[in-house]
Amino acid sequence: MQKTSARRTSPVHALALAIAGLAATLAPAARAQAPAAAAGTETFKVGIVSFLSGQAAESFGIPAVNGAKALVEAFNKGEAPAPYDKAGIGGMRIEAVYIDENGGATKQVQELRNLYDREKVDAVVGYVSSGDCLAVAPVAEEMKKFLILYDCGTPRIFEDAKYNYVFRTASHATMDNVALARYLKARNIKAESFNMINQDYAWGQDSRKDFTLSMAQLYPQAKLGEDLLPKFGAGQYGTEISALMSRRADVTHSSLWGGDLQAFILQAGPRGLFKRSQVVLSAADHVLTNLGDKMPDGAILGARGSYGLLSPKSPLNDWWWSIYQKSYQTYPAQAPYRMAQALLGLKMAAEKAMAANGGKKPTTEQLAAALTNAEWDSPGGRIRMTLGGGHQATQETAIGRTRYDAAKKMVVLDDIQRFPAACVNPPVNVKSEDWIKSDFAGAKCN
Amino acid sequence: MATALTILIDGLSYASWLFIVALGLTLVFGVLKILNIAHGSFYALGAYAAASFVAWFASMKFAPEWSLVAMLFAAVAVAVLVAPLTERGLMRFFYGRDEVLLVLVTYALFLVLEDVTKLLWGANPYYVSEPYAMFGNVEIGDQVYVGYDFMLMGLAVAVGLAVWWGLNRTRQGKIVLAVIHSEEVAASMGVNVSRVYMLAFGVGVFLAALGGAFTAPLISVQPGVSVGVIIVSFAVVIIGGLGSIEGAAIGALIVGLARSFAVHVMPQAELFSIYIVMALVLMVRPEGLFQRIQARKI
Amino acid sequence: MTTPSLRALRVAPSTPSEGATPEDRRSRILGVPGPSPRRGVVLGSGVLLIVVLLVAGAFMPKWLTFLLTMAASHGLVSLGIVLLMRGGVVSFGQGLVFAVGGYAAALAFNRLGFTDALGLALTGGVAATLVAAPFAPLLSRYRGIFFAMLTLAMSMVAYGVLVKTSALGGSDGFNMGRATLFGQALPDARSGYVLYGVTIVCAGVLALLARVYFDSTRGLVTQAVRENELRVEYLGGSVRQAMSLNFLLAAFAGGCGGALTVMSLGHIDPNFSYWTTSGEFVFVAILAGWQSVLAVFVASTLLEVVRSFSSLYFPNTWQLSLGIFLLLMIRFLPDGIGSLWVDRGRKGARR
């Protein structure tokens, strides 16, 4: 394969090639932008970002996206119950663009910019991973575009910074472990010693911290035993289970989720961990439908909100449950609920803004003004944007205990206790960690 | 507090799992000189295939003991279907190229297989738990173990012995050893190196799939199971020496025991214990513990 | 006895180069470098390209300037890998210097209040070089897969350390504000463009310096090391020194790339040091080939574009499309994009 008379291509040719390459890059972009200016009925374009691949896909991303699809279709047909019964958003058809959150924060920042700039979405609803939330929030703020974070747990978003255009329509993760500790106390469960197993990354480390601090307030005599931090995605917990079993403790706490949690339960159950110790799981509801009878009875768990089997009865919830069940043959767990409350909040805010501005598509400022300090009903209870200058939601939560119901062939939750929002969320202008350490100063539990 | 016995049993249990999974990787490197990132994907394919085969056997009303056979079949099926396709259809275009380029090819293959698995089996989790309960529980002192984990230890020994015997006591195996030592000389002696490559790659894929198939009862088989396996197998084969069976065994033992010790005694260090061991081995004895000394060609 | 001129190492590759011009052949036989005006043309057109990109950037949509900024800053890291590749080793752990540069810049911004964009880029580069310095002599002894694996192990240890350091935000990382330039705050509307400009200029300058280095004596020794180390040692060159220097220069480039990335991204997390990040840099370097510096940035841009569009059109199967793209590129451009415009005869002794 010889090049005949290989004259060295001059640098000028190289330059020309580079420019041609650049033009080639621009061309598809230009084409993609052209159809955006569609004539006729206006649409409200929403970018929805969640995990479509990777380890969070099966437990959080895909159920949430499924929930979004079902809800968007119902909205467009005007089938939602009042006050959400207007078709689409204020009459405008909702067009959803789905983006995979997998691939790291750098990629997500790029995708967010693409969504706003190239796809010209009016709002973005997304992000499960706290790292991604922290990375994209300043970008939306800088671009002055509307962003709703619907799922990520870290309290840092609105505790470390202030935003005008970024909102989170769900409580942050402090609520989960505070409620868990309160449940133990309310039920008088013996907790003189406790072991912990959490994944060694921010979520697991924060959960561990929140639970330890909460226990220090509610059970001052309790001693911490094993404090295990397996790698995220480890999947093999034989050694950890041996450690947890050999150090007897009344309570075993974990914030494991997804495939890791399922592996842990499958490996720990047969070895009797659930009988030897009271296992408490902060975010485990999403594994119940899959594990079925492999889920041991008597485990105490939460859903990061009153979701799924823990959800309060209401016409809105019944309707939501039925449309999800009909499309996907399973009941919605926490992820689709959180997506639902985000989309309902978006719809509510947009329609409120449109009522104020005479029926036109709301600008980012109008949307932000409408959602700040707002409240609305969702299938998981009432959502109130009380923290973070009116940008961070608080909501109620619930904790229950598992039992496999052979007749219904599914896991049900007994001994459900509800915790009002003001009981398990920090008050305004107090950081979560400080609030717990102050023995939950200002908490209103009935 | 954990006794030394607990640490030992946990270490051996984890080491057996590591050995089964890492053996295929070291074999493929030894023969083909490819460090196969897609090894994790073959593992995942084995797990998914096991889920399907066990479900199929169960639907045909076989006794539960047959689920073990089903898992074995699953591994064989994956090897038979995937290995020739990958090796002939993809890898052979890149033989002779830089080692690191081949690593990138396998990385691309890993990406492709991630989505292919998702397309074939969907994103929902699969469970293969019948085999797990088959061996009952074993109580040792204060601890309760699942018999299945001890079966895995037995399987690891069996697989190790089988591969060793296959390499050292059969004619075909000795030919493979010759290719591992020096493929040029073997080729010049009349060995059909290309067929040896196919065989070795096939066995490598089989072993990866076997690892996945027999791990399936312990986990929920879903997208993402391949990722955790890759780095940990790399560490084992690097420590033991690339291309060495004994090395894979010793590497697995070292990693397994180190991890068990870390978890029981010093849990905070667990996250990077494996990388530190890998880095230390590379700094002190880069060819691993069992790598054959290679003559340098001038 | 005087050591023979290192330029002599450029003489007579072991296979005759086919199709080279008579002028090249003469230069090679006589052992003198090629005609020097060629270097001037290269530098001149490089500067021209930088200017063209700066001007074009003012008219591009924002997402495109951002994409090119990322391509340029990531391209710098891959440039470091190409530097090492010319010596015959491939580093699978450039994520380490990428992360160190990024964290150094972000920390300098947050904790020290140092906000100048160019200064932060320099800070990143210097910090990464300082971190790499103790390891350079060790790493210069390794080749092939062991070099790759050791660098990978080091970058993963760094990843582990960063994940566990909650003062740095742990696995979530932390945010960085907007940099300034020459004391001026950047206006909201133009900040993306200005950072794009800074990145293009930094990347361009380092690229041109790299080109000069490649053609310099030390750079040619590196090439010789790739072909046959023993002969280089025999002829009096120091392989260890060459490899150590390359490692440090690659660290500097990687650190600058990390700092530039962080400034435009506004966020840093330990994933910068993860093996898949390093793998992507290696992929770009291999896609580019080791002859042409421009190819590195073209390859980096190509990867960003493919990643972005496959994510849009195939949200459920973007990994599949990216993997296929990678395979096709490796298969059909075996010597990288650079081979499209660099003389094949120059490859010399490549078997």
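The centres of domain 1 and domain 2 of chain A, taken over C-alpha atoms, are separated by 27 Å. The model is predicted, with local features requiring pLDDT of at least 70 and side-chain atom pairs counted only at pLDDT 80 or more, whereas totals for chains, interfaces and linings use all residues. Residues are numbered from 1 along each chain as its sequence is written, and chains are lettered from A and ligands numbered from 1 in the order in which they are written.

Domain 1 of chain A comprises 43–172 + 312–394 and domain 2 comprises 174–311 + 396–437, the bounds coming from an automatic or database domain assignment. Contact (C-beta atoms, placed from the backbone, within 7 Å) involves 29 residues of domain 1 of chain A and 25 residues of domain 2 of chain A. On the domain 1 side, helix H2 (57–77), helix H13 (334–357) and strand E12 (381–387) of chain A each supply at least two residues; helices (H or I, at least four residues) and strands (E, at least two) are DSSP runs numbered from the N terminus.

Seven strands of chain A form an open sheet of mixed pairing, in the order E7-E6-E8-E9-E10-E14-E15, where pairing requires at least two bridges found by DSSP. Strands E7 (223–228) and E15 (410–419) of chain A are at the edges with a single partner strand each, so one side of each is left without a neighbour in the sheet. Strand E10 (residues 300–302) and strand E14 (residues 397–405) of chain A pair in the antiparallel sense over three bridges, with A:Ile300 opposite A:Arg401.

Conventions: Two residues are in contact if their C-beta atoms, placed from the backbone, lie within 7 Å.
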